[in-house]
Amino acid sequence: MARRMSIPILRTATTCAVLLATAVAAAGIGASIEAGDAGAAPHAKWALQNPATSPPGTSEGAMAFDAALDETVLFGGSPGTGTSTWGWNGTTWSVLTTKGPTVRKDMQMAYDAATRSIVLFGGFGSTGHGYSDTWTFDGTWHKQAPINVPTTVLGYGLAYDAANRTVVMAGGERTSATGKTWVWDGSNWHGNPSVPYPSTASGLTDPTMTYDPVLGKIVLFGGITGVVNQNTTWEWDGSTWTDVATATTPGARQAAASAYDAALGGVVMVDGIGGVVKGTKLLGGAWLFDRSTWTRLRTGPTRPSPRAFA
(Lines give C-alpha, C1' and ligand atoms only; values in the text may rest on other atoms or scores of the structure.)
Protein backbone atom coordinates (compact mmCIF):
# COMPACT_ATOMS: atom_id res chain seq x y z
CA MET A 1 0.00 0.00 0.00
CA ALA A 2 1.29 3.48 -0.86
CA ARG A 3 2.36 5.74 1.99
CA ARG A 4 -0.24 8.28 3.08
CA MET A 5 0.87 11.88 2.49
CA SER A 6 -0.79 15.23 3.21
CA ILE A 7 -0.91 17.63 0.25
CA PRO A 8 -1.53 21.38 0.53
CA ILE A 9 -3.63 23.14 -2.10
CA LEU A 10 -4.11 26.89 -2.45
CA ARG A 11 -7.77 27.59 -3.20
CA THR A 12 -9.80 30.64 -4.13
CA ALA A 13 -13.59 30.69 -4.09
CA THR A 14 -13.80 28.94 -7.46
CA THR A 15 -10.32 27.89 -8.50
CA CYS A 16 -7.50 25.63 -7.34
CA ALA A 17 -4.44 27.73 -8.08
CA VAL A 18 -1.41 25.82 -6.89
CA LEU A 19 -0.95 22.19 -5.90
CA LEU A 20 2.19 21.46 -3.89
CA ALA A 21 3.16 17.81 -3.75
CA THR A 22 6.91 17.94 -4.35
CA ALA A 23 9.23 20.20 -2.42
CA VAL A 24 12.55 20.52 -0.68
CA ALA A 25 13.37 22.09 2.67
CA ALA A 26 17.05 22.77 2.12
CA ALA A 27 19.40 21.82 4.92
CA GLY A 28 21.01 24.77 6.65
CA ILE A 29 18.59 27.31 5.16
CA GLY A 30 16.34 29.31 7.45
CA ALA A 31 12.69 30.03 6.67
CA SER A 32 10.41 33.05 6.96
CA ILE A 33 6.77 33.87 6.21
CA GLU A 34 6.49 36.98 4.04
CA ALA A 35 4.27 39.83 5.20
CA GLY A 36 0.79 39.66 3.75
CA ASP A 37 -0.10 36.22 5.09
CA ALA A 38 -1.69 37.66 8.21
CA GLY A 39 -4.22 40.44 8.76
CA ALA A 40 -7.64 40.98 7.20
CA ALA A 41 -9.80 38.46 5.36
CA PRO A 42 -7.66 36.24 3.11
CA HIS A 43 -7.62 36.51 -0.66
CA ALA A 44 -7.32 32.72 -0.83
CA LYS A 45 -6.82 29.83 1.57
CA TRP A 46 -4.65 26.75 1.69
CA ALA A 47 -6.64 23.52 2.05
CA LEU A 48 -4.77 20.46 3.33
CA GLN A 49 -5.69 17.28 1.44
CA ASN A 50 -5.39 13.78 2.90
CA PRO A 51 -5.66 11.32 0.02
CA ALA A 52 -5.82 7.61 0.75
CA THR A 53 -3.06 6.96 -1.76
CA SER A 54 -0.03 9.15 -2.45
CA PRO A 55 3.28 9.01 -4.32
CA PRO A 56 6.51 8.78 -2.29
CA GLY A 57 7.75 12.02 -0.74
CA THR A 58 10.00 13.79 -3.20
CA SER A 59 11.70 17.01 -4.23
CA GLU A 60 12.67 18.42 -7.64
CA GLY A 61 10.06 16.34 -9.45
CA ALA A 62 7.93 17.73 -12.30
CA MET A 63 4.18 18.34 -12.39
CA ALA A 64 1.77 19.59 -15.03
CA PHE A 65 -2.00 19.59 -15.43
CA ASP A 66 -3.09 17.42 -18.36
CA ALA A 67 -6.33 18.85 -19.75
CA ALA A 68 -6.93 15.81 -21.96
CA LEU A 69 -6.67 13.40 -19.01
CA ASP A 70 -8.16 15.93 -16.56
CA GLU A 71 -5.44 15.06 -14.04
CA THR A 72 -2.32 16.67 -12.61
CA VAL A 73 0.62 14.49 -13.62
CA LEU A 74 3.73 13.97 -11.46
CA PHE A 75 6.99 12.35 -12.55
CA GLY A 76 10.49 11.98 -11.12
CA GLY A 77 12.25 13.79 -8.30
CA SER A 78 14.55 12.80 -5.45
CA PRO A 79 14.25 10.22 -3.99
CA GLY A 80 11.21 10.44 -6.21
CA THR A 81 8.69 8.28 -8.00
CA GLY A 82 11.22 6.14 -9.86
CA THR A 83 9.88 5.35 -13.31
CA SER A 84 6.26 5.59 -12.13
CA THR A 85 4.05 8.42 -13.35
CA TRP A 86 1.33 9.51 -10.93
CA GLY A 87 -1.93 11.34 -11.52
CA TRP A 88 -3.97 13.55 -9.14
CA ASN A 89 -7.68 13.63 -10.00
CA GLY A 90 -8.65 16.24 -7.41
CA THR A 91 -9.31 13.66 -4.71
CA THR A 92 -6.54 11.10 -4.69
CA TRP A 93 -3.37 9.90 -6.46
CA SER A 94 -3.01 6.84 -8.68
CA VAL A 95 -0.22 5.34 -10.79
CA LEU A 96 -0.87 6.10 -14.46
CA THR A 97 2.04 4.05 -15.80
CA THR A 98 5.31 2.49 -14.62
CA LYS A 99 7.01 2.79 -18.02
CA GLY A 100 8.62 5.97 -19.28
CA PRO A 101 11.76 8.11 -19.01
CA THR A 102 14.69 6.94 -16.91
CA VAL A 103 14.82 8.11 -13.28
CA ARG A 104 15.65 11.82 -13.05
CA LYS A 105 15.10 15.08 -11.17
CA ASP A 106 15.36 18.87 -11.65
CA MET A 107 13.41 18.98 -14.90
CA GLN A 108 10.11 20.60 -15.88
CA MET A 109 6.94 19.51 -17.65
CA ALA A 110 4.31 21.56 -19.49
CA TYR A 111 1.03 20.57 -21.13
CA ASP A 112 1.03 21.22 -24.88
CA ALA A 113 -2.61 21.87 -25.79
CA ALA A 114 -1.78 21.84 -29.50
CA THR A 115 -0.71 18.18 -29.35
CA ARG A 116 -2.79 17.25 -26.25
CA SER A 117 0.32 15.92 -24.55
CA ILE A 118 2.75 16.82 -21.75
CA VAL A 119 6.31 17.75 -22.77
CA LEU A 120 9.32 16.85 -20.61
CA PHE A 121 12.92 17.76 -21.37
CA GLY A 122 16.24 16.76 -19.83
CA GLY A 123 16.89 16.54 -16.12
CA PHE A 124 19.58 15.08 -13.89
CA GLY A 125 19.99 11.32 -13.49
CA SER A 126 20.50 9.34 -10.29
CA THR A 127 24.08 8.56 -11.30
CA GLY A 128 24.96 12.22 -11.88
CA HIS A 129 24.29 12.06 -15.61
CA GLY A 130 22.53 14.99 -17.28
CA TYR A 131 19.91 14.33 -19.97
CA SER A 132 19.06 16.24 -23.13
CA ASP A 133 16.19 14.07 -24.31
CA THR A 134 12.61 15.08 -25.09
CA TRP A 135 9.57 13.04 -24.03
CA THR A 136 5.82 13.52 -24.48
CA PHE A 137 3.03 11.96 -22.42
CA ASP A 138 -0.56 11.36 -23.53
CA GLY A 139 -1.30 8.55 -21.08
CA THR A 140 1.77 6.78 -22.49
CA TRP A 141 5.31 8.16 -22.68
CA HIS A 142 6.88 8.67 -26.14
CA LYS A 143 10.54 9.51 -26.69
CA GLN A 144 10.88 12.16 -29.37
CA ALA A 145 13.66 12.56 -31.94
CA PRO A 146 13.92 16.28 -32.71
CA ILE A 147 16.46 17.50 -35.25
CA ASN A 148 17.55 20.31 -32.92
CA VAL A 149 18.49 19.41 -29.35
CA PRO A 150 18.75 22.20 -26.72
CA THR A 151 21.88 22.31 -24.63
CA THR A 152 19.85 22.86 -21.45
CA VAL A 153 19.93 19.94 -19.03
CA LEU A 154 18.36 21.18 -15.77
CA GLY A 155 17.25 24.25 -13.84
CA TYR A 156 15.25 25.79 -16.68
CA GLY A 157 11.75 27.30 -16.81
CA LEU A 158 9.08 25.76 -19.03
CA ALA A 159 5.58 26.91 -20.01
CA TYR A 160 3.05 26.51 -22.81
CA ASP A 161 2.50 29.60 -24.94
CA ALA A 162 -1.16 29.23 -25.96
CA ALA A 163 -1.11 32.29 -28.21
CA ASN A 164 1.59 30.72 -30.39
CA ARG A 165 0.80 27.04 -29.69
CA THR A 166 4.35 26.24 -28.59
CA VAL A 167 6.18 25.15 -25.43
CA VAL A 168 8.86 27.62 -24.33
CA MET A 169 12.02 26.77 -22.35
CA ALA A 170 14.13 29.55 -20.86
CA GLY A 171 17.22 29.66 -18.69
CA GLY A 172 18.87 26.53 -17.35
CA GLU A 173 22.28 25.35 -16.34
CA ARG A 174 23.58 24.92 -19.88
CA THR A 175 21.39 27.18 -22.00
CA SER A 176 23.47 30.15 -20.83
CA ALA A 177 26.41 28.78 -22.81
CA THR A 178 24.48 29.33 -26.05
CA GLY A 179 22.33 32.26 -24.91
CA LYS A 180 19.05 30.99 -26.36
CA THR A 181 15.41 30.49 -25.51
CA TRP A 182 14.14 27.19 -26.94
CA VAL A 183 10.70 26.72 -28.50
CA TRP A 184 9.03 23.32 -29.06
CA ASP A 185 6.60 23.22 -32.00
CA GLY A 186 5.30 19.70 -31.39
CA SER A 187 8.08 17.89 -33.24
CA ASN A 188 11.25 19.98 -33.06
CA TRP A 189 13.07 22.58 -30.93
CA HIS A 190 14.00 25.99 -32.34
CA GLY A 191 16.51 28.38 -30.76
CA ASN A 192 15.67 32.06 -30.26
CA PRO A 193 18.42 34.57 -29.30
CA SER A 194 16.14 36.57 -26.96
CA VAL A 195 16.75 35.64 -23.29
CA PRO A 196 15.19 36.75 -19.96
CA TYR A 197 18.34 38.17 -18.41
CA PRO A 198 20.79 41.00 -19.19
CA SER A 199 23.51 40.37 -21.77
CA THR A 200 26.07 40.97 -19.01
CA ALA A 201 24.70 38.05 -16.93
CA SER A 202 26.18 34.56 -17.10
CA GLY A 203 22.76 32.97 -17.54
CA LEU A 204 19.67 32.21 -15.45
CA THR A 205 18.65 29.07 -13.56
CA ASP A 206 15.54 28.07 -11.60
CA PRO A 207 13.12 30.84 -12.66
CA THR A 208 9.35 30.26 -12.49
CA MET A 209 7.24 30.63 -15.67
CA THR A 210 3.46 30.68 -16.25
CA TYR A 211 1.24 31.66 -19.18
CA ASP A 212 -1.34 34.39 -18.57
CA PRO A 213 -4.24 33.83 -21.03
CA VAL A 214 -5.64 37.34 -20.62
CA LEU A 215 -2.24 38.94 -21.22
CA GLY A 216 -1.51 36.44 -23.97
CA LYS A 217 2.09 36.14 -22.77
CA ILE A 218 4.30 33.99 -20.56
CA VAL A 219 5.29 35.63 -17.27
CA LEU A 220 8.71 34.74 -15.80
CA PHE A 221 9.97 35.80 -12.37
CA GLY A 222 13.23 35.45 -10.50
CA GLY A 223 15.84 32.75 -10.88
CA ILE A 224 19.51 33.01 -10.11
CA THR A 225 22.48 34.31 -12.10
CA GLY A 226 25.76 33.10 -10.69
CA VAL A 227 25.15 33.28 -6.93
CA VAL A 228 22.70 36.21 -7.02
CA ASN A 229 18.94 35.67 -6.83
CA GLN A 230 16.85 37.88 -9.12
CA ASN A 231 13.61 39.83 -8.56
CA THR A 232 12.87 40.81 -12.15
CA THR A 233 9.64 40.18 -14.05
CA TRP A 234 9.85 39.28 -17.75
CA GLU A 235 7.18 38.67 -20.41
CA TRP A 236 7.45 36.51 -23.54
CA ASP A 237 5.30 37.52 -26.54
CA GLY A 238 6.21 34.65 -28.84
CA SER A 239 9.48 36.07 -30.11
CA THR A 240 11.00 38.44 -27.52
CA TRP A 241 11.51 38.67 -23.76
CA THR A 242 10.73 42.08 -22.25
CA ASP A 243 11.82 43.30 -18.82
CA VAL A 244 8.65 44.61 -17.11
CA ALA A 245 8.88 47.43 -14.57
CA THR A 246 6.41 47.04 -11.67
CA ALA A 247 5.59 49.39 -8.79
CA THR A 248 5.88 46.51 -6.31
CA THR A 249 7.94 43.38 -6.66
CA PRO A 250 8.45 40.24 -4.56
CA GLY A 251 11.82 39.68 -2.96
CA ALA A 252 14.56 38.09 -5.04
CA ARG A 253 14.20 34.32 -5.22
CA GLN A 254 14.77 31.13 -7.15
CA ALA A 255 12.84 27.85 -7.38
CA ALA A 256 9.39 29.32 -6.67
CA ALA A 257 6.15 27.75 -7.94
CA SER A 258 3.55 29.60 -10.00
CA ALA A 259 0.21 29.04 -11.75
CA TYR A 260 -2.49 31.15 -13.37
CA ASP A 261 -5.60 31.75 -11.21
CA ALA A 262 -8.66 32.98 -13.12
CA ALA A 263 -10.57 33.84 -9.95
CA LEU A 264 -7.83 36.12 -8.66
CA GLY A 265 -7.16 37.44 -12.15
CA GLY A 266 -3.46 36.81 -12.59
CA VAL A 267 -0.39 34.69 -11.99
CA VAL A 268 0.02 33.39 -8.43
CA MET A 269 3.56 32.68 -7.20
CA VAL A 270 4.39 30.90 -3.94
CA ASP A 271 7.50 30.36 -1.84
CA GLY A 272 11.02 29.80 -3.22
CA ILE A 273 14.56 30.27 -1.93
CA GLY A 274 15.03 33.96 -1.19
CA GLY A 275 17.66 36.49 -0.25
CA VAL A 276 20.02 38.24 -2.64
CA VAL A 277 22.72 35.61 -2.18
CA LYS A 278 21.96 32.02 -3.20
CA GLY A 279 20.54 29.79 -0.48
CA THR A 280 19.86 32.48 2.13
CA LYS A 281 16.39 31.35 3.27
CA LEU A 282 13.19 29.58 2.31
CA LEU A 283 10.33 32.00 1.75
CA GLY A 284 6.75 31.23 2.73
CA GLY A 285 4.31 33.56 1.00
CA ALA A 286 2.01 34.03 -1.97
CA TRP A 287 2.06 36.84 -4.56
CA LEU A 288 -0.31 37.86 -7.36
CA PHE A 289 0.82 39.47 -10.63
CA ASP A 290 -2.20 41.26 -12.14
CA ARG A 291 -0.39 42.28 -15.38
CA SER A 292 0.76 45.60 -13.95
CA THR A 293 2.21 44.95 -10.50
CA TRP A 294 2.71 42.34 -7.76
CA THR A 295 0.54 42.16 -4.61
CA ARG A 296 1.12 40.06 -1.52
CA LEU A 297 -1.76 37.65 -0.96
CA ARG A 298 -3.30 36.96 2.42
CA THR A 299 -3.75 33.21 2.68
CA GLY A 300 -4.90 32.93 6.29
CA PRO A 301 -3.18 31.49 9.37
CA THR A 302 -2.92 27.91 8.08
CA ARG A 303 -0.48 27.21 5.29
CA PRO A 304 2.18 24.66 4.29
CA SER A 305 5.70 25.09 5.58
CA PRO A 306 7.95 27.19 3.30
CA ARG A 307 9.40 25.17 0.45
CA ALA A 308 11.14 25.36 -2.90
CA PHE A 309 11.42 23.29 -6.09
CA ALA A 310 7.70 22.48 -5.71
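The model is predicted: local features need pLDDT of at least 70, side-chain atom pairs count only at pLDDT 80 or more, and totals for chains, interfaces and linings use all residues. Residues are numbered from 1 along each chain as its sequence is written, and side-chain values use heavy atoms, with hydrogens and water left out.

The protein chain has 32 strands and 0 helices. Both kinds of element are DSSP runs numbered from the N terminus: helices are H or I with at least four residues, strands are E with at least two. Of the 310 residues in the protein chain, 53% are buried. Buried means under 20% relative accessible area, exposed means over 50%, and partly exposed lies in between (1.4 Å probe, protein chains only). Take contacts between residues at least 6 apart in sequence: 55% of them join residues at least 24 apart. Contact means heavy atoms within 4.5 Å.

**Open sheet β16 to β19**

- An open sheet is formed by 4 strands in the order β16-β17-β18-β19, with antiparallel pairing. Two strands pair if DSSP finds at least two bridges between them.
- The edges are β16 (156-161) and β19 (189-192); each has a single partner strand, so one side of each has no neighbour in the sheet.
- From one strand to the next, the twist averages 25°. Axes are lines fitted to C-alpha atoms, for helices over the stretch in contact, and angles run from 0 to 180 degrees between N-to-C directions.
- β16 and β17 (residues 166-171) run antiparallel and are joined by 6 bridges.
- Gly157 sits opposite Ala170 in β17.

**Hairpin β6 and β7**

- β6 pairs with β7 (residues 71-75) in the antiparallel sense, over 5 bridges.
- The two strands, β6 and β7, form a hairpin with 4 residues between them.
- Asp70 lies in the turn and has a positive phi of about 60°.
- Asp66 stands opposite Glu71 in β7.
- In a regular strand, side chains alternate between the two faces of the sheet.
- The covered face of β6 holds Ala62, Ala64 and Asp66, and the uncovered face holds Met63 and Phe65.

**Salt bridges**

- The whole structure contains 5 salt bridges. The rule is a side-chain nitrogen of Lys or Arg within 4 Å of a carboxyl oxygen of Asp or Glu.
- One of them joins Lys105 and Glu60, at 3.9 Å from N to O. Lys105 is in strand β11 (residues 104-105), and Glu60 is in the loop between β5 (58-59) and β6 (62-66), 45 residues apart.
- Lys105 is partly exposed, at 26% relative accessible area. Glu60 is buried, at 18%.
- Another joins Asp133 and Arg104, with the closest N and O atoms 2.7 Å apart. Asp133 is in strand β14 (residues 130-137) and Arg104 is in β11, so this pair ties together parts 29 residues apart in sequence. Asp133 and Arg104 are both buried.
- Asp271 and Arg303 also form a salt bridge, at 3.0 Å from N to O. Asp271 is in the loop between β28 (266-270) and β29 (273-274), and Arg303 is in the segment after β32, so the pair ties together parts 32 residues apart in sequence. Asp271 and Arg303 are both buried.

**Aromatic pairs**

- There are 9 aromatic pairs. Rings of Phe, Tyr and Trp (its six-membered ring) pair if their centres lie within 6.5 Å; planes under 30 degrees apart count as stacked, over 60 as edge-to-face and the rest as tilted.
- Phe137 and Trp141 have ring centres 4.9 Å apart and planes at 45°, so the pair is tilted. Phe137 and Trp141 are both buried.
- Trp184 and Trp189 have ring centres 5.2 Å apart and planes at 50°, so this pair is also tilted.
- Trp184 is buried at 1% relative accessible area, and Trp189 is buried at 0%.
- A cluster of ring pairs links Phe121, Tyr156, Trp184 and Trp189.

**Thr293**

- Thr293 sits in the loop between β31 (286-289) and β32 (294-297).
- Thr293 is buried, with a relative accessible area of 17%.
- Beyond its neighbours within four places in sequence, Thr293 contacts Thr246, Ala247, Thr248 and Leu288.
- The side chain of Thr293 reaches the backbone nitrogen of Thr248 at 3.0 Å.
- Thr293 and Val244 are 49 residues apart in sequence, yet their C-alpha atoms are 9.2 Å apart in space.

How values were computed
A polar contact is a pair of N or O atoms within 3.5 Å; within protein, one must be able to donate a hydrogen and the other to accept it, and residues adjacent in sequence count only if both atoms are side-chain atoms.
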